[in-house]
Amino acid sequence: MAIRVNPKIIDDLEGYGAEDVHLCYHCGNCSAVCPHADEFNVFPRRPMRYLQMGLERKLETSLEPWLCYYCGQCSDQCPRGAEPGETMMSLRRWLISRYDITGIARLFFKSTKVELAAVIIVALLTGIFFLGFGFWQGDINVYDGSNAFLPSSFIHNFDLALGFLVALFIGLSAFRFWWFSMGGKSAVPIPWWLYIKKVYLLPWHFFTQKRFADCEKETTRRIYLPWLAHLGLMLGYITMLFIVMVFVKQLQAGPEINWSVHVFGYLASLGLLIGAVYMLCGRLKKNRTQYQRSHGSDWIFLVLLFIIALTGVTQHILHRSGLLLAANIVYIVHLMVVVPWLLRMPFTKWAHMFLRPLGMYFSAVRNEALARQKSGIETTVQARKVA
Amino acid sequence: MRTGIFFCQVEENNRLNVAAVAKYAANLPNVETVQELGIQPRLDAKDLAGLVHSGNLERIVIAGDMPGYFKPVFTKAMALAGHDPLEVRLASFREHGASGSTTLERAKAIVACAAFGVPFALAVVPGEKPVQPTTLIIGAGIAGIQAALEIADAGKPVCLVERFGTIGGHMAMFDKTFPTLDCSACILTPKMVSVAQHEMIRLLTNSEVIALSGSPGSYRVQIKCKARMVDVDACVACNICSEVCPVEVASEFDAGIARRKAVYIPFPQAVPNAYLVDAENCLYVQSAGKKCGACVKKCPKECIDLTQKDEIIEIEVGNIIIATGYDVLRADNIEHYGYGILPNVLTALEFERLTNASGPTGGKIVTKSLKLNKRTKLEEWVFDANGPAPKSVAIIHCVGSRDQNYNSYCSRVCCMYSLKFAHLVKEKLPGADCYEFYIDMRAFGKGYEEFFERIKHEGTFVVRGRTAAISELNGQMMVTGEDIIQDKLIQFPVDMVLLAVGLIPAHGTEELSRMLGLTRDEDGWFSELNYNGRPTDTEKGCIYVAGMCQSPKDIPDAVAQASAVAAGVLSSISSGKGIGHRGSVTLSEIEARAKSLQAK
């Protein structure tokens, strides 16, 4: 089969953050030092090679970028300063834009200004919509109940619609991800039952991020802080998403505190705030290799997340202390940030929350298929030798 | 000739005031127009042709750090304007060394020469001065020895200064040389002995140059001769003093893998063949005569004098050759190779001594074994001739070389000496596995590629891929790497790891360069005057570089360069004139000479 080469791909990737791929002279240090490289996934060097050779198709079908949690050891030891870790990060961005059918992801990654403008426009539209809605049917001095400025039943329905939209785009991306790496474009035949056998890996990787902790295992000074921050942020986020989607009515009711719901809300807020502050500080101080270079979308994500957590907590406090007008205003601001932030999710790096566990699951399935294929070939060869 | 001067820079240069040079250039005769086009200007041949036409320019000078970059467009412009396209002259700041303290003056001179249409090198000829016949050579490794013998054999006096207690340098430590596998000592020792016996060579070991004054052709040099404390002529090297000496330190000559006493001889064939006292470790010297002194009492020739003081002598020399050589990079800087933590990770020099017949194991390749040190009551890893031989040896190339975290340059000799190590391992331990991990195999010299092929045929596994880490798993060393050709990760056990460490300028190079007023390149090696045309001269007249101190090179290249230097020195002596300091030629002198050349 002819191999199609796209020599521009290496330049194209510059827009996603990887600027130094061309420096690589293939010593293999990065792959050897990577705690996650294995028999079938020799990376980061192999994707670096694909990039230099312009093998776009190979990159599209590769799962390797999703196995990397960016511990930065490869970049630290790289003798050429080719930044293999950053390249893997950029490839994840590039892959997200490849999986996305709308083309929005590509637009956002290529230009932070466009992303920022989109966020601001959606935020303003949301603000106008909710203000109009609130004044039309409610009282700005009422926070909850039937006459509330923003009644929780309406917010609940709105959340569900928004969630459906986001899930639709994520689902589409996930399908394309599968199609590229495992389905139509893949060269490895995969028996269907392997998918079922390995399905437990999906929740495992999603909720534990065990492999991120493994990143630290081989370093001399083990600090599990980045993993904990990442996990705390992710779990906080998922918990918050869940209670807002399902229990927004209980969450908004007050002024007494409904502990059965709120305790989760408090824990989640704590996780979000601490995680966001840790990562923001890291990126500002550039104290670890993975924080050395920040893409515009990273900043937008973290800053918005911080505002969301802060406004969420503030409106809660204001509501409980009886300052209902202020609580409603902060609530509007909260929604103005939440809506664009959620909507941009399928088109930005944040999609990795779902795509990475999926990639690890796919990789485990594919590895086993490859191992079976290999042992199959070996048995045939042995059988022939015997005959 | 109506001249137009255009300043175009390729890179920003904050050290050079381009505006000042342009102002100067505008006042040169026949200069019609001077334009500063800035950094990386976008030039259009047609626009330039318009400029040439309007100014009726007959000659164009492009001035900048790399003016050649812009030459095609100016040549085209001249042709379009109907003028002679050959009259595009380059004034290159970088090529002619407009750097350092004389930047501005030098840049002006470069532009002036181009405007006059005179090659810069023709215009800048330093004045000649009468020369002293004596030559000072700093460093008595193979390069210093070679140059000393060439000059002395021609009947000219040489003063050879060596910091260490013996001459010979690193080559004396080696077992074999690549690619011919000659015995290193067999080539070097006769040369060392000739140096010692030569009537034209004054040998100063255990000495260092500490000050320089004077000018090219007659330099005054101060040399500090450290107290040897043993009378070189009387000593018969009987070893009794060493036997009674209570102090033990790591032997420099054995690259630290063996120990020596405070009164010692570096190795049995040392030149001069006499013992010396290491004052820093001698109990008697350190306690100001209160302790020890055993060697003095035991010496049968009564030739040890522990009260001897350092001496400073001053000599007058005409030419100076720098042959200070190199050091190896400290491998313990590179954490992931485990040097200094894992006992059987060795540097190249350590392995040279281990495999050398005069080394601590008599040339047997063994792994270190734990021994109790009676003095400190601690167990230590040491080489023991009866220790176990390694079953597998991994050799890792490019340790600290071609790596921007350490040295970005290629150390040039590591590939070949690593292949030599593989041969020695296979020769002495035929049953052992030997692995070479390389990034690129740089077998560039005569017979080198053939040597590489030979090593592969001998059964050494040559793996393309750098090793990422050496680790220990249940007392077994493990090598982790990627085999690039096979595209797979590898991890396997080895008993011994040899690190092909990169080379760095010898310690003290910086002080020496400051003392002599010489420039060094960004990696710390001494700068030559012109890489292609005058590879052994320096910016300063009558000072030359030979061997490793200029850049990493192998023994044949070092010897060739030393001989080339000797030829330069002899021509300077026999003509009776030393070439002056290029940097000392003033702008007005250059201008005057350029003008007179132009008139011709």
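How many helices and strands are there in chain B?

A: The model is predicted, so local features require pLDDT of at least 70 and side-chain atom pairs count only at pLDDT 80 or more, whereas totals for chains, interfaces and linings use all residues. Residues are numbered from 1 along each chain as its sequence is written, while chains are lettered from A and ligands numbered from 1 in the order in which they are written.

Chain B has 16 helices and 32 strands; helices (H or I, at least four residues) and strands (E, at least two) are DSSP runs, numbered from the N terminus. Along the principal axes, the C-alpha atoms of chain B occupy a box of roughly 90 × 65 × 40 Å. Of the 600 residues in chain B, 46% are buried, a residue being buried if 20 or more other C-beta atoms, placed from the backbone, lie within 10 Å of its own, exposed if 12 or fewer, and partly exposed in between.

Residues at least 24 apart account for 69% of the contacts in chain B between residues at least 6 apart in sequence; a contact requires C-beta atoms, placed from the backbone, within 7 Å. Chain B is divided into domain 1 (3-125 + 585-599), domain 2 (135-226 + 310-325 + 506-582), domain 3 (240-298) and domain 4 (329-504), with bounds from an automatic or database domain assignment. Between the C-alpha centres of domain 1 of chain B and domain 3 of chain B there are 63 Å.

One sheet of chain B deserves attention. It is open, has three strands in the order β11-β12-β17, and its pairing is antiparallel; strands pair if DSSP finds at least two bridges between them. At the edges stand β11 (207-215) and β17 (311-317) of chain B, each with a single partner strand, so one side of each is left without a neighbour in the sheet. On average, neighbouring strands of this sheet are turned by 20° against each other, direction ignored. Eight bridges connect β11(B) with the antiparallel strand β12 (residues 218-225) of chain B, and A211(B) is opposite Q222(B) in β12(B).

Towards its partner, chain B places 19 residues in contact with 17 residues of chain A. On the chain B side, β26 (467-473), β27 (476-483) and β28 (488-494) are the elements that give two or more residues. That side has five nonpolar, seven polar and seven charged residues; Ala, Val, Leu, Ile, Met, Phe, Trp, Tyr, Cys and Pro count as nonpolar, Asp, Glu, Lys and Arg as charged, and the others, Gly among them, as polar.

Chain A is assigned domain 1 (9-99) and domain 2 (106-367), whose C-alpha centres lie 27 Å apart. Here 26 residues of domain 1 of chain A touch 34 residues of domain 2 of chain A. On the domain 1 side, α4 (56-61), α5 (64-67), α6 (73-77) and α7 (84-99) of chain A each supply at least two residues, and α7(A) gives the largest share, seven residues. By class, this side of domain 1 of chain A has eleven nonpolar, ten polar and five charged residues.

Also in chain A, helices α15 (residues 259-285) and α16 (residues 296-320) pack at about 145° with axes 9 Å apart; axes are lines fitted to C-alpha atoms, for helices over the stretch in contact, and angles run from 0 to 180 degrees between N-to-C directions. Residues of α15(A) in this packing include L272(A), L273(A) and R283(A), and those of α16(A) include D298(A), L302(A) and F306(A). The contact of α15(A) with α16(A) comprises ten nonpolar, two polar and two charged residues.

Key:
Two residues are in contact if their C-beta atoms, placed from the backbone, lie within 7 Å.
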